[in-house]
Amino acid sequence: MVGCFCIHTKTVKIDRFDYDLPPERIAQEPAAQRDASRLMVVDRKTRQVTHSSFAEIGDFLPANSRFFRNNAAVLKARLFGQRPTGGKVECLLLQPAEDALTWWCLLKPGKKTLQAGRFGMDGEYRAEVLEMGENGNYKVRFRPERDESVTELSERLGIMPLPPYIEREEQDPRREADNERYQT
């Protein structure tokens, strides 16, 4: 009963998926009660669409269905720093590279930060940009001022990476709640 949209052609015209979504219709925070989230159900046989809530998902699943719970935590993976020139850097941690202090990251601005070769936050950490990867990511070696891992550094100084359509000002009081609300 619950299905997915499958494409069986070799060429997909992605402009068919374009649509206007007014900004006021984009949720800026999750539902206060998680199981009250909306649920769209598509019957694959009849193509009938019904709307329900996640609390009712059991009504739509076959008997003996199994759920697997993901209990991995989302890392506060957005770190901020400065290049030696004083320019701001935003660093998004993607995954560890060859050791605990070297990570693949997205950098903004990437090319300027690569040219500078380093960035950091006074009294907190220094980072050296080692190379640019094939996908526009960068290998960065971190040197925290404290005896801590990059994960510990990010949990202490980083912020939760939210999708770009969720807007938060730097001092938005909702940021603290985001740390809990956007966990898996």
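What follows is a tour of a predicted model, from its core out to a few loops.

**Stop one: the core**

Start by selecting Cys91, Leu93, Cys105, Leu107, Phe119, Val140 and Phe142. These are the residues with the most contacts inside the largest nonpolar core, which has 17 residues. Now colour by secondary structure: β4, β5, β7, β8 and α2 each put at least two residues into this core. As background, nonpolar side chains in soluble globular proteins tend to be buried together.

Next, centre on Phe142. With a relative accessible area of 0%, Phe142 is buried. Show what surrounds Phe142 and, setting aside neighbours within four places in sequence, you'll find contacts that include Leu79, Cys91, Leu93, Leu101, Trp103 and Cys105. Keep going around Phe142 and you'll also pick up, among others, Ala127, Val150 and Leu153.

**Stop two: the aromatic rings**

How many aromatic pairs does the structure hold? There are three. Select Phe119 and Tyr125 for one of them: the ring centres sit 6.2 Å apart with the planes at 85°, so this pair is edge-to-face. Both partners are buried, Phe119 at 4% relative accessible area and Tyr125 at 1%.

Display Phe119, Tyr125 and Phe142 together and you have one aromatic cluster.

**Stop three: helix α2**

Now select residues 150-157, which make up helix α2. Which residues of α2 are buried? Val150, Leu153 and Ser154 are. Look down the axis of α2: the buried residues fall within an arc of 95°, so they line one face of the helix. Show the strands they pack against: β3 (78-82), β4 (88-96), β5 (102-108), β7 (125-132) and β8 (138-144).

**Stop four: Glu124**

Move to Glu124, in the loop between β6 (118-121) and β7. Draw a distance from its side chain to that of Arg156, and you'll get a polar contact of 2.8 Å. Beyond four places in sequence, Glu124 also touches Pro144, Glu145, Arg146, Leu153 and Leu157. Leu153 is one of the buried residues of α2 from the previous stop.

**Stop five: backbone details in the loops**

Zoom in on Lys108 and Pro109, which are joined by a cis peptide bond with omega at about -5°. Pro109 is in the loop between β5 and α1 (110-116).

Then jump to Arg47, in the loop between β1 (38-42) and β2 (49-53). Its phi is near 60°, a positive value in a residue other than glycine. At 71% relative accessibility, Arg47 is exposed.

Last, select Asn64, in the loop between β2 and β3. Phi of Asn64 is near 65°, again positive in a non-glycine residue. Asn64 is exposed as well, with a relative accessible area of 75%.

How values were computed
Residues are numbered from 1 along each chain as its sequence is written. This is a predicted model: local features need pLDDT of at least 70, side-chain atom pairs count only at pLDDT 80 or more; totals for chains, interfaces and linings use all residues. Side-chain values use heavy atoms; hydrogens and water are left out. Buried means under 20% relative accessible area, exposed over 50%, partly exposed in between (1.4 Å probe, protein chains only). Helices (H or I, at least four residues) and strands (E, at least two) are DSSP runs, numbered from the N terminus. The arc is that of the directions from the helix axis to the C-beta atoms. Contact means heavy atoms within 4.5 Å. A polar contact is a pair of N or O atoms within 3.5 Å; within protein, one must be able to donate a hydrogen and the other to accept it, and residues adjacent in sequence count only if both atoms are side-chain atoms. A nonpolar core is a set of buried Ala, Val, Leu, Ile, Met, Phe, Trp, Tyr and Cys residues joined through side-chain atoms within 4.5 Å. Rings of Phe, Tyr and Trp (its six-membered ring) pair if their centres lie within 6.5 Å; planes under 30 degrees apart count as stacked, over 60 as edge-to-face and the rest as tilted.
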